[in-house]
Amino acid sequence: MKATIWHNPKCGTSRKTLAVLEETPGVEVEVIEYLKNPPSAAKLAQLYKDAGITPQEGLRMRGTDAAERGLPDADAKAVLDAMAAEPILIERPLVETDKGVRLCRPQDKVHEIL
């Protein structure tokens, strides 16, 4: 099984999720450091749709100016465009496998798609 993780190596939850993936037999892990290689707004829309959450639910609030910018109440397109332009606004980690997508907070949510 292939698993893609949108990863921030400075984030403890992201590191723990990556460790779960690496320790699971039969999982081939692709790591994308999303702060260096941000996903497009279209890719984010697909990830959130597949995860069953809204872009607003995937918005990182802590340590960002998302609230001050009114993003929690903005429409999906505005949120996705902001995330694509400033990937620090993306809550992490997102993991995608053939079984689906999860925002892995807490990291144990990754087991749902393995």
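Q: How far is the sulfur of Cys 11 from the closest cysteine sulfur?
A: The gap is 11 Å, to the sulfur of Cys 104, which is too far for a bond. A disulfide here is a pair of cysteine sulfur atoms within 2.5 Å, and by this rule the count is 0 disulfides.

Q: What am I looking at, and how are residues numbered?
A: This is a predicted model, where local features need pLDDT of at least 70, side-chain atom pairs count only at pLDDT 80 or more, and totals for chains, interfaces and linings use all residues. Residues are numbered from 1 along each chain as its sequence is written, and side-chain values use heavy atoms, with hydrogens and water left out.

Q: Is Cys 11 buried or exposed? And Cys 104, buried or exposed?
A: Cys 11 is buried, at a relative accessible area of 6%. Cys 104 is buried too, at 0% relative accessibility. Buried means under 20% relative accessible area, exposed over 50%, and partly exposed in between (1.4 Å probe, protein chains only).

Q: Switching to helix 2. Which of its residues are buried?
A: Leu 44, Leu 47, Tyr 48 and Ala 51, in a helix that covers residues 41-51. Helices (H or I, at least four residues) and strands (E, at least two) are DSSP runs, numbered from the N terminus.

Q: Why do those buried residues line one face of the helix?
A: Seen down the axis of helix 2, they fall within an arc of 95°, so they share one face. The arc is that of the directions from the helix axis to the C-beta atoms. As background, an α-helix has 3.6 residues a turn, so residues three or four places apart point the same way.

Q: What is on the face turned away?
A: That face carries the exposed residues Ala 42 and Lys 49. After the helix comes Gly 52, with a positive phi near 75°.

Q: What covers the buried side of helix 2?
A: The cover includes strand 1 (2-7), helix 3 (76-85), strand 3 (94-97) and strand 4 (100-103). Contact means heavy atoms within 4.5 Å.

Q: And helix 3, which residues are buried there?
A: Val 79, Leu 80, Ala 82 and Met 83. Their arc down the axis of helix 3 is 160°, so these residues also line one face. They pack against helix 2, while Lys 77 and Ala 85 are exposed on the other side of helix 3.

Q: How many residues are in the largest nonpolar core?
A: There are 19, and those with the most contacts inside the core include Leu 44, Tyr 48 and Met 83. Helix 2, helix 3 and strand 4 each supply at least two residues of this core. A separate second core has 10 residues, among them Val 20 and Cys 104. A nonpolar core is a set of buried Ala, Val, Leu, Ile, Met, Phe, Trp, Tyr and Cys residues joined through side-chain atoms within 4.5 Å.

Q: What does Tyr 48 touch?
A: Leaving out residues up to four places away in sequence, its contacts include Pro 55, Leu 80, Met 83 and Leu 94.

Q: Last topic, strands. How many bridges join strand 1 to strand 2?
A: They are joined by 6 bridges and run parallel, with strand 2 at residues 28-33. Two strands pair if DSSP finds at least two bridges between them. Ala 3 stands opposite Val 29 in strand 2.

Q: And where does His 7 lie?
A: His 7 is in strand 1, and is buried at a relative accessible area of 5%.
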